Every structure is written in C-alpha cells, then in structure tokens.
Amino acid sequence: MSLEKVIFGFFVLLAATLNFGFFIGDLADPKLHNEYELFAAVVVNLIATVLKFGDRTQIGAVHLATSLVADLQLIAATLAWTWATQVSADGLNGESMAAVVSLSGGALLANIVSVVLLVIETVSFQRR
C-alpha cells in the first residue's frame, strides 16, 4: 500500500462527497445549501488538483482535467454566491441560489468522473 495513493484517493473522495453534500437539496432554497460546505469543497478540490500535478500518465492527465473543471465550476459558484450576497440588491434569492447550485452540480459531475477514473486505475493496478 502506497501512502501517496491513500492521500490522493482520500482527497478525491472527500472532494466528491463535500460537493455532493452541498448540491443535494431543493435547487432554489438557500437554507438547504451551506456556504461553509461550498468553501470546504473548493479548498479540498484545489488540494486534490495539486496532488494530481505529479502524475504523468494518460489517466493522470484526465484526472487533472476533471479536477480543473471541478475547480472552475466551484470557483464560479463561489463568485456567484458572493455576488448575490455582497453586491446584488436582490440578495440571495431563489434564482441566484439555483445558479450557484447548478454550477456546483457541474463540478459534482466532474468529481464523479474523477472517482470513476480512480476506481478504474485501482482495478487495473490489481491486474498487473
């Protein structure tokens, strides 16, 4: 067992679960989506992205691409949340919350792809 692979897998799964935890719930209800969970998802996704930089394999490149997509979507969701709460005169209404949750849903899809790649990589490693 490689400690590096354990840490890598831990952060990939933690990023996916935090993202899922933020995404789940009514799309337009701000009470069901916690801003701290969104912040944690962004931070863990960024850490997972940094961990993927060293892998020079083809599957490592796809891992990095999915992680960059998730980062981009979560940062956009954070900016949309910040805009709605700090700049917009309407505040965090159902429409702006739906935009934030939709962006996190895109990141969730990228994180699911990353987890699937991790499982495929793990299964193929066992066959060698």
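**Close-up views of a predicted model**

By the rule that a side-chain nitrogen of Lys or Arg must lie within 4 Å of a carboxyl oxygen of Asp or Glu, the count comes to one salt bridge. The model is a predicted one, in which local features need pLDDT of at least 70 and side-chain atom pairs count only at pLDDT 80 or more, while totals for chains, interfaces and linings use all residues. Residues are numbered from 1 along each chain as its sequence is written, and side-chain values use heavy atoms, with hydrogens and water left out.

**View 1. The salt bridge between Glu121 and Lys5.** The closest N and O atoms of Glu121 and Lys5 are 3.7 Å apart. Because Glu121 lies in helix 4 (residues 94–127) and Lys5 in helix 1, the pair ties together parts that are 116 residues apart in sequence; helices here are DSSP runs of H or I with at least four residues, numbered from the N terminus. Glu121 has a relative accessibility of 15% and counts as buried (buried means under 20% relative accessible area, exposed over 50%, and partly exposed in between, with a 1.4 Å probe and protein chains only).

**View 2. Aromatic pairs, of which a search of the whole structure finds two.** The rings of Phe10 and Phe11 have centres 5.2 Å apart and planes at 80°, so this pair is edge-to-face (rings of Phe, Tyr and Trp, the last by its six-membered ring, pair if their centres lie within 6.5 Å, and planes under 30 degrees apart count as stacked, over 60 as edge-to-face and the rest as tilted). Phe10 is partly exposed, with a relative accessible area of 47%, whereas Phe11 is buried at 18%. The rings of Phe22 and Trp81, with centres 6.1 Å apart and planes at 50°, form a tilted pair. This pair links distant parts of the chain, since Phe22 is in helix 1 and Trp81 in helix 3, 59 residues apart, and both residues are buried.

**View 3. The lining of the second largest pocket.** Lys5 and Glu121 are among the lining residues, which also include Glu4, Phe8 and His63 (a pocket, on a 1 Å grid over the protein atoms alone, is an open set of points where a 1.4 Å probe fits, with protein on both sides within 12 Å along at least five of seven lines, and lining residues have an atom within 4 Å of a point). Helix 1 (3–23), helix 2 (35–52) and helix 3 (58–87) each supply at least two residues of this lining, and the largest share, three residues, comes from helix 1.
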